[in-house]
Amino acid sequence: LPTAAVQPGPTSQMFVYVIKPDQTVETRDVKVETTQGELTSIAHGLSPGDVVVIDGVDKLTQGSKVVAKRAVSATRPTRPPPASQSSVSAAGASTQP
């Protein structure tokens with residue numbers, strides 16, 4: 001997962017914004033396994049198929065309406081992600097009024 005998606009919470013718990021089917025975001029607490037440069041491996045907190053916001057997170061709050069755009073990355077992990085994380089998608093998001 002791109003490191004930019006992982007945010008510090010108020011109690012030092014890390015979280016990400018997950019885009020729900022109604023195109024709003026919810027915060028999801030995650031446990032970081034490792035971080036290497038621009039990539040972070042998540043130990044738990046995400047499920048296969050989750051779409052995570054990686055761009056524009058500074059403009060979001062719980063329940064913000066967004067438009068997801070498929071992320072394109074030139075960065076590739078040096079090792080395959082764990083099977084439980086291989087289906088998590090990343091997206092940039094712009095807020096909707």
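Because the model is predicted, local features need a pLDDT of at least 70 and side-chain atom pairs count only at pLDDT 80 or more, while totals for chains, interfaces and linings use all residues. Residues are numbered from 1 along each chain as its sequence is written, and side-chain values use heavy atoms, with hydrogens and water left out.

The secondary structure consists of seven strands and zero helices. Here helices (H or I, at least four residues) and strands (E, at least two) are DSSP runs, numbered from the N terminus. Along the sequence the pattern therefore reads β-β-β-β-β-β-β. Contacts, meaning heavy atoms within 4.5 Å, show how the chain comes together: among those with a separation of 6 or more, 61% involve residues 24 or more positions apart.

The protein has 97 residues, of which 32% count as buried. In this classification, buried means under 20% relative accessible area, exposed over 50%, and partly exposed in between, with a 1.4 Å probe and protein chains only. The protein exposes about 5900 Å², and carbon and sulfur atoms supply 53% of that area. Accessible areas come from the Shrake-Rupley method with a 1.4 Å probe; for residues, only the protein chains shown count as cover.

The salt bridges come next. The term denotes a side-chain nitrogen of Lys or Arg within 4 Å of a carboxyl oxygen of Asp or Glu, and by this rule the count comes to three. Arg-28 takes part in a salt bridge with Glu-26, in which the closest N and O atoms are 2.8 Å apart. Glu-26 is partly exposed, with a relative accessible area of 21%, and Arg-28 is likewise partly exposed at 21%. Arg-28 also forms a salt bridge with Asp-50, where the closest N and O atoms lie 2.8 Å apart. Arg-28 belongs to strand β3 (residues 25-36), whereas Asp-50 sits in the loop between β4 (39-44) and β5, so the pair ties together parts that are 22 residues apart in sequence. Asp-50 is buried, because its relative accessible area is 12%. Through shared partners, salt bridges join Glu-26, Arg-28 and Asp-50 into one network. A further salt bridge links the side chains of Lys-59 and Asp-58, at 3.9 Å from N to O. Both Lys-59 and Asp-58 are exposed.

Gln-23 is found in the loop between β2 (14-19) and β3. Although Gln-23 is not a glycine, it has a positive phi of about 65°. Gln-23 counts as partly exposed, because its relative accessible area is 30%.

Gly-37 lies in the loop between β3 and β4. Its relative accessible area is 64%, so Gly-37 is exposed. The C-alpha atoms of Gly-37 and Thr-3 are separated by 7.7 Å, although the two residues are 34 residues apart along the chain.

Gly-56 is located in the loop between β5 (51-55) and β6 (66-70). With a relative accessible area of 13%, Gly-56 is buried. Between the C-alpha atoms of Gly-56 and Val-66, which stand 10 residues apart along the chain, the separation is 9.8 Å.
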